[in-house]
Amino acid sequence: MKYIGIDLGGSHIACGVVDEDGEILAKAETSTLVGRPFENIVYDMGRCALTAVEKSGVPMDEISTVGIGIPGIANNATGDVIFCTNLFWTDEPLRRELQKQINKPVWIENDATVAGFAENAIGISKGCKSSVFITLGTGVGTGIIINGKPWVGFHGVASEIGHTTMVIDGEPCTCGKDGCLERYCSATALIRMGKEMCMAHPDCDVMQRIDGNLELLNAKIIIDSAKAGDSHSLMLFNRYTKYLALACNTIISFLDPEMIVLGGGVSHAGDFLLKSITEKLPHYLMFKTMPYATIKLATLGNEAGIIGSALLARDMLTK
């Protein structure tokens with residue numbers, strides 16, 4: 001049998017047909033165009049998924065399930081999205097609406113959870129009995145995998161480490177709280193801190209790279225400047241990776257997983273990021289002589305959402 005995986009993001013929708021081994025047979029993409037009616041976005045999800053099926057050449061009767069990764073949380077007993085901030089969705093009947101186009105069983109899960117599931121199934125954490133996936137993008141998402149299965153908590157809202165408090169009375173967060181971890185560990189946080197650096201040091205290397213236009217600033221520019229040895233950028237990057245090391249320590253202290261996997265846009269900094277975090281992490285560990293989680297970079301990239309949602313839907317069907 002084959003499975004449809006849908007990765008629903010704030011900017012685009014990616015769909016694919018996935019086989020038993022987690023290989024994507026065909027893909028299709030379309031823009032999300034947030035702000036449109038819920039039904040319109042779901043219609044485009046269905047149309048995009050059907051395009052992927054058509055490109056794959058797989059007959060619909062060989063498609064057994066549909067999995068969807070969303071930037072939010074869902075109730076799979078009802079098939080409803082409970083909360084999806086970036087899309088402005090609250091209590092929306094995603095399963096029922098999608099089944100108007102694709103009449104197959106539908107499983108909905110958080111996007112970081114499905115990406116972590118994909119890495120555990122066929123990626124860098126394959127074979128690990130426990131792993132935690134952290135996506136470092138616009139926000140910070142987390143997926144916890146224990147014994148090959150996602151752990152989402154009793155009420156389905158676990159793994160939101162991005163909204164644990166890192167700094168009391170700290171930076172305001174989009175969730176309504178202050179000082180959330182994602183305000184210090186996301187790409188958005190790195191950009192915010194970069195702008196502060198540029199305003200304090202207008203002659204810095206980053207300002208030269210963006211010709212003084214702060215609107216052009218992104219995380220890659222800051223990281224590239226740090227890699228080049230710019231003192232201001234290096235200081236900022238080390239501050240940023242200190243926050244990430246603290247986040248890893250929190251996970252280790254609470255869950256003690258076998259592996260922590262870093263994904264998302266910032267992880268493209270590769271070994272430069274990994275080395276900075278792993279050098280700092282031992283300083284924060286409580287049990288300094290004991291083994292602790294290996295920190296690795298994700299390997300599946302943007303395909304993790306499609307693969308993870310498809311394979312998770314497959315496993316939930318047979319549960």
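Modeller: Two strands count as paired if DSSP finds at least two bridges between them. The model is a predicted one, and the part to look at is strand β2, residues 12–18.

Start with the side that comes earlier in the sequence. Strand β1, residues 2–8, pairs with β2 in the antiparallel sense, and six bridges hold the pairing. One of the bridge pairs can be found by name: D7 has A14 of β2 as its partner. Between β1 and β2 lie three residues, and the two strands form a hairpin.

Now the other side. Strand β3, residues 24–31, is joined to β2 by seven bridges, and these two strands also run antiparallel. Here I13 has T30 of β3 as its bridge partner. β2 and β3 form a hairpin as well, with five residues between the strands, and in that hairpin G22 takes a positive phi near 85°.

How many of the seven residues of β2 are buried? Six are, so the strand is largely enclosed by the rest of the structure. Buried here means under 20% relative accessible area.

The setting of this strand is a protein chain with 10 helices and 13 strands. Its C-alpha atoms fill a box of roughly 60 × 45 × 35 Å along the principal axes. A compact globule of 319 residues would have a radius of gyration near 20 Å, and the protein chain has 20 Å, so the two agree. Buried residues make up 51% of the 319 residues. Of the contacts between residues at least 6 apart in sequence, 61% join residues at least 24 apart.

The buried residues of α5 are A187, A189, L190, R192, M193, G194, M197 and C198. They pack against α4 (182–185), α6 (205–209), α7 (219–227) and α8 (231–255).

S276 is found in α9, residues 271–284, and is buried, with a relative accessible area of 5%. The side chain of S276 makes a polar contact with the side chain of K280, at 2.7 Å. Leaving aside neighbours within four places in sequence, S276 is in contact with F237, N238 and T241.

The cysteines remain. A disulfide is a covalent bond between the sulfur atoms of two cysteines. The rule used here asks for sulfur atoms within 2.5 Å, and by this rule the count comes to zero disulfides. For C175, the closest cysteine sulfur is in C180, 3.7 Å away, which is too far for a bond. For C128, the closest cysteine sulfur is in C248, at 14 Å, again too far for a bond. C128 counts as buried at 10% relative accessibility, whereas C175 is partly exposed at 38%.

Note on methods. Residues are numbered from 1 along each chain as its sequence is written. This is a predicted model: local features need pLDDT of at least 70, side-chain atom pairs count only at pLDDT 80 or more; totals for chains, interfaces and linings use all residues. Side-chain values use heavy atoms; hydrogens and water are left out. Buried means under 20% relative accessible area, exposed over 50%, partly exposed in between (1.4 Å probe, protein chains only). Helices (H or I, at least four residues) and strands (E, at least two) are DSSP runs, numbered from the N terminus. Contact means heavy atoms within 4.5 Å. A polar contact is a pair of N or O atoms within 3.5 Å; within protein, one must be able to donate a hydrogen and the other to accept it, and residues adjacent in sequence count only if both atoms are side-chain atoms. The radius of gyration is taken over C-alpha atoms; the globule rule is 2.2 Å times the number of residues to the power 0.38.
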